[in-house]
Amino acid sequence: MLKVEIDPGSGFCGGVIRAITRAESYLSGEDRLYSLGAIVHNEAELSRLEQKGLVTVGSLEEVPQGGTVLIRAHGEPPATYKEANSRNLTLIDCSCPVVLQLQKSIREAYARMHSEGLHGQVIIFGRVGHAEVLGLVGQVGGDALVVENAQMLEEKLSSLDFSQPMEIFSQTTKSPTEYEEICQLLFSRGARLIVHNTICAQVAARHEKLAAFASAHDVILFVSGKTSSNGKVLSDLCRRANPRTYLIGGTEEIDPAWFNDRDRVGICGATSTPKWLLESVADAVSALK
């Protein structure tokens, strides 16, 4: 008989909870709310919210004049707010406070490094094209270098001016270990570098605990949306701690062949994975014969 346990630290982060709560509150009295981009990177949760009237759009041009738009936890660049104002759109701004502080820090660093004739470099460790990263780059008019990993940074080193100051920031949901690797690479090349600790404390604290959870079980089912950056980082972390880690989107992807009798099965997920989905997966595994 399988023993099943849900990781108590898994589930929505505070920023996602806030965005979804405000969306549901608005939709309790209105028929439609437009979300600029997916409110959460989880297909099952998006489907649930769509049934309540949430419409995901890729740009403000898709929103009718005078409509109401939700800004998700990832945040947006200044240009988005200007466009919304010009089109008479109402905004429900659910930008995560951690992300807003990061945006402010990047603007300040850029101003600091471009004063008195300096031409410093803002570097962002994050996924190219990710919504949060686009919002960060937009704070400095696109004048920032985004690197996804040490290899990408190696390829960009020749384009950097090491005689000028540099300040580096991380996307809030990235791996602390990888961020340290990126920073050490720059220091090894003599960079005049200021490192900002911008990984969300809730995310950073999860890494060690999640690795311990994965190691304490025979099989790990990591439940996450396919487009979740945080899900990719954390599922890879679990797989390093436990090779019998399987990344799934929901109950329909569970394969009984993964399990042996009396296996201890751990269920965990990303900051974009709802608790109800983790519980559904746990129930489905418990029901296996």
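The paragraphs below lead through several helices of this predicted model and then through single residues in its loops.

Because this is a predicted model, local features are given only where pLDDT is at least 70 and side-chain atom pairs count only at pLDDT 80 or more, while totals for chains, interfaces and linings use all residues. Residues are numbered from 1 along each chain as its sequence is written, and side-chain values use heavy atoms, with hydrogens and water left out.

Helix α2 (residues 43–50) has Glu45, Leu46 and Leu49 as its buried residues, where buried means under 20% relative accessible area, exposed means over 50% and partly exposed lies in between, with a 1.4 Å probe and protein chains only. Seen down the axis of α2, these buried residues fall within an arc of 100 degrees, so they line one face of the helix; the arc is that of the directions from the helix axis to the C-beta atoms. The cover over the buried residues of α2 includes α1 (14–27), β3 (54–57) and α10, contact being taken as heavy atoms within 4.5 Å.

Helix α4 (residues 97–113) has 17 residues and reaches 24 Å from its first C-alpha to its last, close to the 24 Å expected at 1.5 Å a residue; the expected span is 1.5 Å times one less than the number of residues. Its buried residues are Val99, Leu102, Gln103, Ser105, Ile106, Ala109 and Met113. Viewed down the axis of α4, they fall within an arc of 165 degrees, so they line one face of the helix. An α-helix has 3.6 residues a turn, so residues three or four places apart point the same way. The partners against which the buried residues of α4 pack are β6, α5 and β8.

Helix α7 (residues 176–188) can be read in a similar manner. At 1.5 Å a residue, its 13 residues should span 18 Å, and the end C-alpha atoms of α7 are 18 Å apart, which agrees. Tyr179, Ile182, Cys183, Leu185 and Leu186 are buried in α7, and they cover an arc of only 155 degrees around the axis, which puts them on the same side of the helix. The face of α7 turned away from its buried side carries the exposed residues Thr177 and Ser188. Among the elements that cover the buried residues of α7 are β6 (121–125), β7 (145–147), α6 (150–156), β8 (166–170) and β9 (193–195).

The crossing of α8 and α9 is right-handed, the term for a near helix turned clockwise from the far one by less than a right angle, with anticlockwise giving left-handed. On the side of α8 the contact is made by Val203, Arg206, His207, Leu210, Ala211, Ala214 and Ser215, and on the side of α9 by Asn230, Val233, Leu234, Leu237, Cys238 and Ala241. By class, this contact has nine nonpolar, three polar and one charged residues, with Ala, Val, Leu, Ile, Met, Phe, Trp, Tyr, Cys and Pro counted as nonpolar, Asp, Glu, Lys and Arg as charged, and the others, Gly among them, as polar.

Threonine 271, in the loop between β12 and α10 (275–286), is buried, with a relative accessible area of 9%. Leaving aside neighbours within four places in sequence, threonine 271 is in contact with Gly11, Phe12, Cys13, Val16, Val203, Arg206 and Asn230. Glutamate 76 lies in the loop between β4 (68–71) and α3 (78–86) and is also buried, with a relative accessible area of 11%. Not counting residues up to four places away in sequence, glutamate 76 touches Leu36, Ile71, Tyr81, Ser95, Gln103, Gly135 and Gln139. The C-alpha atoms of glutamate 76 and alanine 131 are separated by 7.6 Å, although the two are 55 residues apart along the chain.

Glycine 142, in the loop between α5 (131–137) and β7, is partly exposed, with a relative accessible area of 43%. Asparagine 88 sits in the loop between α3 and β5 (90–93) and counts as exposed at 55% relative accessibility; its phi is near 60 degrees, a positive value in a residue other than glycine. Arginine 262, in the loop between β11 (245–248) and β12 (264–269), is exposed, with a relative accessible area of 65%, and has a positive phi of about 75 degrees although it is not a glycine.

How values were computed:
Helices (H or I, at least four residues) and strands (E, at least two) are DSSP runs, numbered from the N terminus.
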